[in-house]
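Here are my notes for you on this one, as numbered points. Keep the viewer open while you read.

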Amino acid sequence: MTQYVLYGGKGGVGKTTCAAATALKKARNGHPTLVVSTDPAHSLSDVFDREVGSEPTHLREDLDLWAVEVDSEERIGQYRGQVSAALDELDDLGISLDEGDLDDVIEAGVAPGTDEAAAMDLFVDYMDDPRYEYIVFDTAPTGHTLRLLKLPDVMSSAMGKLMTVKSQVSTLADSVRTFFGNDDDEDEDESPDVDVDLEELQERMDRVAEALRDPERTEFRPVLIPETMAILETERLLAELDAYDIPAGRAVINKVIEDPTPDCDLCQSRYASQQQRIEEARETFDLPLTLLPLLHGEVHGLDAVETIADRL
């Protein structure tokens, strides 16, 4: 059964590095692993120091390690047409969804360029791909991540409303055609296609929601740095995850000073401040903590990722 690890948090805390390192460790332990970037500002290519495309890229010959950066513009077009067709058909019949339903559809990611919708749509493809035992997600900054996690429920609800309204209209239209003797076989062949597509899309979203809420399969890991504002934001993120029933497994505190220079007052002061924040995090979060060291420079290439993998 495929397992999922999702990293989230505000921008610049090291989510991509953590995701890359976790995927590398899983692959090193013999598990075929895919790491997925759902962040519009992709940086997996930078961390691995090689080109990562919109299709899974094999990263190293001796490891079953793959990476992909979701191309939202390409993917979203594959299902936007299904919803648009349903809306157009309703409009042709003089039926419009009420304002609340339309808001749901828009919020669900029908609009072009909605990265979260594209990521969730791809989630099912990766879930069903027999090549991977583990999938590690590098998510966008916190606000985008929360929309990402909320999306399956919103999308499923919106598709349900569309199907309900369209079913009612189709039944009425069939009755009218029969009454006027215009029971055209071609019309019958055309109308069910959209219903089937919408049902499939709703089923895909339901499967994503089920997987995300399964603690036996999914673990969300917030990433933060040892600062007061980061702790507060992570506390809010964990509350949102709890509201969505998304299981959080541990928190990762990155950029921790481990060996401050003895004769550097600034280094000693920062070290002491970070230790206080780490203790605050221990008291605030009901989760195990993983501490990652502050490194010199940015993480580039598999050798650099190896140093983080050993700590995760």
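1. Let's begin with the second largest pocket, which is lined by 13 residues. Nearest its centre lie Ile-257, Glu-258, Asp-259, Leu-294 and His-296. A pocket here is an open set of points on a 1 Å grid over the protein atoms alone, where a 1.4 Å probe fits, with protein on both sides within 12 Å along at least five of seven lines; lining residues have an atom within 4 Å of a point.

2. Before going on, some ground rules: this is a predicted model, where local features need pLDDT of at least 70 and side-chain atom pairs count only at pLDDT 80 or more, while totals for chains, interfaces and linings use all residues. Residues are numbered from 1 along each chain as its sequence is written, and side-chain values use heavy atoms, with hydrogens and water left out.

3. Back to that second largest pocket: it holds about 270 Å³ of space. Helix H10 (residues 265-284) gives the largest share of its lining, three residues. (Helices are DSSP runs of H or I with at least four residues, strands are runs of E with at least two, and both are numbered from the N terminus.) The lining has eight nonpolar, two polar and three charged residues. Nonpolar covers Ala, Val, Leu, Ile, Met, Phe, Trp, Tyr, Cys and Pro, charged covers Asp, Glu, Lys and Arg, and the others, Gly among them, are polar.

4. Now the largest pocket, with about 490 Å³ of space. It has 25 lining residues, and the closest to its centre are Gly-12, Val-13, Gly-14, Thr-17 and Lys-255. Helix H1 (15-28), helix H2 (44-48), strand S7 (251-256) and strand S8 (289-293) each supply at least two lining residues, and H1 gives the most, with four. By class, that lining has ten nonpolar, nine polar and six charged residues.

5. Which cysteines are joined by a disulfide? Cys-264 and Cys-267 are, with 2.4 Å from S to S; the rule is a pair of cysteine sulfur atoms within 2.5 Å. Their link is right-handed, with 70 degrees about the S-S bond. Cys-264 is partly exposed at 21% relative accessibility, and Cys-267 is partly exposed at 25%. Cys-18, at 0%, is buried. (Buried means under 20% relative accessible area, exposed over 50%, partly exposed in between, with a 1.4 Å probe and protein chains only.)

6. Last, check two backbone angles. Most residues other than glycine have a negative phi. Asp-49 has a positive phi, near 55 degrees; Asp-49 sits in the loop between H2 and strand S3 (57-58) and is exposed at 56%. Asp-245 also has a positive phi, near 65 degrees, in the loop between helix H9 (228-243) and S7.

Definitions and conventions:
Points joined across faces, edges and corners; volume = space filled by probe spheres on them.
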